[in-house]
Amino acid sequence: MPEFKPVLLANVGKPESYTRKVYEQTGGYQALRKVLKTLSPKDVQEQTKSSGLRGRGGAGFPTGLKWTFLPKDHPGPIYFCLNADESEPGTFNNRILMEDDPHQVLEGLIISCFATNSAAAYFYMRCEYPLAYKRICQAVAECYEAGYLGKNILGSPYSLDIHVHRGAGAYICGEETGLIESLEGKRAWPRIKPPFPAVEGAFRKPTVVNNVETVACVKQIFDRGVDWFKSIGIPPDPNNPRDAGSYGPKLYCLSGHINKPGCYEAPLGITTTELIEKFGGGIWKGRKAKAAIPGGISMGLLKASEFHCKLDFNDPGKFGCLGLGTAAVVVMDETVRMVDFLLNSCRFFSHESCGQCTPCREGTSWATKMMTRIKHGKGRLKDLDLLLEIAENMGIMPGTTICGLADGAAWPMKNCIKKFRDELEIYIKSTNPSGWMETAAVPALQLLDIH
Amino acid sequence: MADKPSILTDEMIAEIKAFLPRYPSKQAVTLPALHIVNEKLRYVPLRAVVEIAQLLELHPSQVQDTLTFYGYFKQDAPAGRCRLWVCRSISCALRGGDELLDHLAHSLGVKPGETTADGRITLEYAECLGACEHAPCVLANEKLIPSVSHQQADEFVQTVK
Amino acid sequence: MPTVFVNGQEITIGDKERLNGIQVAERAGVDIPRYCWHPGLSVVASCRMCLVEAGKKDSATGKITMQPKVVPACQTPATDGTVFVTNSPKVIEARAMVEEDLLLRHPVDCPICDKAGECSLQDYHFEHGRKERRADIQPFTSRRRELGDTITLFVDRCVMCTRCVRFTREISGTSELMVINRGAHEEIDVFRDENGQLEFPLDNKLSGNVADICPVGALGDKDFLYQQRVWFMKSHDNVCAGCSTGCSIKVEENQDHVYRLKPRTNPHVNQWWMCDEGRYGFHHVHDASRVTEPRRLEKTGYVSADWSTLPAELSARLKKAGRLAAVLSPHLTVEEAYLLAQYVKSLDPTAVLALGPVPVEGTDEKFRNGFVIHAEKCPNRRGVERIVSSLGGELLNWGDFLARAETEAFGAVWVTGGYRTPWNDDGAVGSLANSKLLIVQDCFASPLWERADYQLPSATFAEREGSYVNYQDRLQSFKWAIRPPQGVKTDGQLYWQLLGRAGLYKAADVLEEIGREIPYFAAALGGVADVGVDLKVNQIA
């Protein structure tokens with residue numbers, strides 16, 4: 001297999017890579033011209049569907065298919081929301097794209113908006129990315145100057161406005177309906193579905209929500225072709241009728257206990273071992289790996305012995321993980337205590353739970369309190385069973401919550417307790433020698449508020 | 001009711017109004033309006049919430065409901081001239097993020113969420129800042145400071161006026 | 001006609017009906033527990049208590065395919081072939097988990113909480129909850145926070161169902177209530193100033209409803225707070241006498257003392273709501289200044305009269321009085337008005353009937369969902385009007401009657417009141433000065449009362465039995481909720497006796513008579529349903 005050359009990250013590292021001038025030096029906005037001149041929105045939808053592109057935001061839903069859910073012949077307006085709320089722990093690839101190659105994102109966005117007949121695009125950017133915000137705003141201004149935005153783009157009948165909308169520090173704004181509620185000026189409580197955003201979304205109009213990396217892939221598909229995209233990655237697993245394949249290049253965020261943390265591009269399907277060795281420079285400080293998060297903390301954990309898992313849309317599920325997620329790989333070395341990992345995870349989710357539905361609001365809060373008690377030497381073995389029960393019962397997979405945050409909270413709990421049970425039991429027994437065997441409810445610790 | 005001076009300056013009101021044509025509803029300008037006020041005043045006092053609500057034809061409760069959902073807007077007093085966000089999510093925690101936060105809390109003499117007595121610095125914890133390749137990292141107002149050691153943190157704090 | 005299956009039971013629903021799982025299960029006699037769903041508010045499906053298993057039955061093959069996940073019944077439409085299962089192990093476990101979740105941080109306040117006895121959290125814990133507490137979170141008692149004049153909030157009891165917030169946004173349209181913070185730190189509040197004082201309190205005229213819809217004891221009705229335990233009270237269906245909207249209500253009392261009024265569901269009139277004026281407008285029933293002694297004016301002053309001899313005495317005097325007149329208050333029920341009119345006419349066929357003053361305050365107030373508080377502050381103007389015009393030959397209003405009374409010296413005038421607030425003045429006294437005998441039947445003293453020859457203490461709305469006709473020409477019937485205080489004979493019972501009828505006054509029998517005699521009331525024949533009957537139904541012909 002020929003050595004893969006980065007395409008999404010091709011411009012990153014060049015001086016002033018974020019300017020239109022530099023972007024257009026290597027064929028920038030040619031794809032847009034081609035699309036507007038020669039294709040109809042339906043053509044773009046069909047080609048995107050054929051390419052097998054799956055959303056890069058975490059759920060991996062086939063992008064072209066999602067676009068076809070929009071009602072045909074709707075009087076409009078149709079809105080496009082670009083999800084730049086990237087808040088999944090371990091993830092930073094959207095940031096790099098926006099800071100160092102904003103025009104790639106914008107070109108992909110404009111093409112996607114054309115495909116979906118969107119009248120306006122809301123670029124929802126988390127407020128913790130001030131540099132990305134600056135660069136995107138500058139790039140948008142350059143696009144208006146160049147006629148790539150506004151009325152009658154490049155002389156075509158298509159008009160589009162992009163409005164950059166800043167978030168205010170809430171992970172749940174990354175959930176598509178949470179994003180829409182936040183855009184509308186309300187608290188970001190995800191909506192019940194149906195109705196789906198494609199039917200009734202932002203401002204009660206049909207809406208599509210896509211991730212930053214996804215639209216960057218769209219640009220690449222219309223630059224280099226559907227066949228090119230399909231030549232990269234892994235075709236559907238014949239043993240899994242629900243697998244839609246893992247095509248295209250992927251940005252993998254590598255962080256944690258490795259020598260060279262960073263964002264690396266590889267065809268979908270690279271294994272954790274390869275990532276760490278080829279790109280990460282190996283485990284730091286000469287240590288051995290213990291575990292890794294495969295795709296952002298919501299996806300759960302891989303034990304070191306599972307690092308041969310292919311990081312595509314299909315394999316992580318076989319190892320008990322929730323999925324590929326954002327492909328953010330966080331590596332933990334042998335000195336990490338799983339009790340600390342799990343407490344950090346539970347604390348994150350209880351802090352970010354929107355609070356709307358009971359199992360998530362209470363479950364994440366209860367889990368954090370229990371993990372805190374365990375960490376402080378008042379744990380019991382029975383707690384692990386209770387934590388598992390809480391985790392098994394919350395999420396959209398069992399159907400008990402409105403959105404997938406609860407599933408994200410549950411998977412690290414399930415994976416950690418199942419894969420590292422022995423270690424957790426030893427911790428509990430050694431820190432609470434007199435009480436680890438207790439089965440009755442224990443009085444709560446008077447702890448400082450940890451939220 | 002006595003005429004209280006307006007918290008929103010004409011400039012802020014103009015900036016907020018400039019956002020109105022971008023959205024089909026006035027309520028959607030809530031977050032932009034909160035950001036505009038927060039940028040200028042370093043907090044969003046309750047009176048500003050009432051004035052924003054008037055501008056957007058909302059009840060103050062609706063604006064306050066939205067505001068308190070997010071962690072970004074202080075309301076009781078202006079934040080320090082530098083708002084120091086220390087990331088505490090997994091990648092940074094693995095590289096000493098929690099300890100960094102503790103260190104700063106100790107050396108600044110404040111708890112996360114509080115401002116130093118001289119008004120220079122507000123220490124905050126943040127969830128994943130999206131700069132995991134630079135863990136542990138700190139966001140100081142608009143500037144991302146990568147791979148912060150305790151010493152570097154202390155040095156940076158010295159530079160804050 | 002769509003067929004829906006609930007736990008194996010077949011339920012047929014109407015073609016045009018749009019029902020969810022909870023509503024359809026109700027028809028099957030199955031109560032699906034829920035906190036956040038309310039038929040009058042938007043669906044949010046956030047409490048997750050109504051989780052059930054749902055599926056589809058193929059009408060051709062009979063095969064049932066169930067969805068693998070549990071779904072909220074409140075957001076699952078019941079269409080032809082929909083299958084609901086509410087008692088499977090999966091559902092039982094999901095419910096128990098939600099209930100346990102809500103109890104984790106719930107204060108142990110039952111002994112001091114008003115909602116005990118009618119609390120969803122308590123009820124569902126009994127029916128669907130776990131057998132023991134596994135939580136390691138310390139029990140505590142709730143903080144209390146004022147929201148306005150009518151409602152207080154016990155902050156920590158709240159289960160975040162958001163019914164109250166949705167009520168102020170969707171029903172009253174006033175949006176005072178909000179949720180603050182995020183996640184497990186969420187609380188209900190209203191907008192306050194920098195010192196934490198109320199700046200935009202909960203102060204709309206429908207505010208009392210939020211305490212009704214709160215499924216737990218978080219929102220407390222300050223008027224009712226700590227007054228009475230709900231299990232001691234008996235609930236009686238009644239109709240609000242506050243205005244011409246005529247909300248269906250429940251009067252809740254213990255040992256003939258009314259403690260609170262609550263709305264009763266009536267899709268035609270008030271849906272699930274009532275206004276604060278009506279809700280809190282019952283204290284006059286037990287006011288110390290209420291008149292409770294029948295008295296006769298003699299030369300030496302007022303002397304106590306005896307109810308056992310009074311009816312005969314009144315009849316005797318009225319027979320010889322000459323020209324009679326009766327003023328029928330719009331607070332009387334249709335039956336009471338009819339009986340008094342009948343009585344007076346039986347003594348003097350030329351007797352004049354008039355409608356008492358119709359109190360009007362301000363203008364009609366309309367709310368976001370269409371609910372109206374009417375400016376006409378009496379419950380039965382239409383009903384009494386019709387009695388007056390049918391039996392009296394013409395509709396004479398109070399003003400015109402007083403004018404007539406000045407010139408025509410009536411032999412006797414019988415005035416009925418029953419108003420909550422002062423309703424007559426010295427002018428009225430002056431106008432009736434020429435009348436030889438004045439009988440005033442009322443609840444409170446007034447200028448007319450002080451001039452009466454006979455003072456007859458009257459029933460308030462809670463003690464009456466009969467029917468009112470509201471602004472939509474809807475007739476609603478009710479029975480008495482409490483017995484009147486010692487010394488008061490209800491208007492209905494008095495007229496019944498005066499007419500020489502044996503036994504106790506039965507409004508239903510009188511209504512049958514009225515229905516046969518006066519076409520306007522014909523639709524009430526054969527019995528009146530809980531939600532009343534639209535009298536206009538018969539007016540087309």
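**Close-up views of a predicted three-chain model**

**View 1. Strand β5 of chain C and its pairing partners.** Within β5(C), Val83(C) is the bridge partner of Phe5(C). Strand β3 (residues 51–57) of chain C runs antiparallel to β5(C) and is joined to it by 4 bridges, with Ala54(C) standing opposite Phe84(C). The model is predicted, so that local features need pLDDT of at least 70 and side-chain atom pairs count only at pLDDT 80 or more, whereas totals for chains, interfaces and linings use all residues. Residues are numbered from 1 along each chain as its sequence is written, chains are lettered from A and ligands numbered from 1 in the order in which they are written, and side-chain values use heavy atoms, leaving out hydrogens and water.

**View 2. An open sheet in chain C.** Three strands, in the order β25-β26-β27, form an open sheet with antiparallel pairing. β25 (466–469) and β27 (533–534) of chain C stand at the edges, each with a single partner strand, so one side of each is left without a neighbour in the sheet. Between β25(C) and strand β26 (residues 474–478) there are 4 bridges, and Gly466(C) has Phe478(C) as its bridge partner in β26(C).

View 3. Gly97(B) lies in helix α6 (residues 97–108) of chain B, helices being DSSP runs of H or I with at least four residues. Its relative accessibility is 1%, and Gly97(B) therefore counts as buried (under 20% relative accessible area, with a 1.4 Å probe and protein chains only). Leaving aside neighbours within four places in sequence, Gly97(B) is in contact with Val86(B), Cys87(B), Cys92(B) and Pro136(B), contact meaning heavy atoms within 4.5 Å. The C-alpha atoms of Gly97(B) and Val138(B) are separated by 9.1 Å, although these residues are 41 apart along the chain.

**View 4. The interface between chains A and B.** Here 38 residues of chain B are in contact with 57 residues of chain A. The buried area is about 3700 Å², 55% of it from carbon and sulfur atoms; this is the accessible area (1.4 Å probe) that the two parts lose on being put together, summed over both. There are 4 salt bridges between the two chains (a side-chain nitrogen of Lys or Arg within 4 Å of a carboxyl oxygen of Asp or Glu), and one joins Arg95(A) to Glu133(B) at 2.9 Å, N to O.

Terms used: Pairing = 2+ DSSP bridges. Helix = DSSP H or I, 4+ residues; strand = E, 2+ residues; numbered from the N terminus. Buried < 20%, exposed > 50% of the residue type's maximum accessible area, 1.4 Å probe, protein only.
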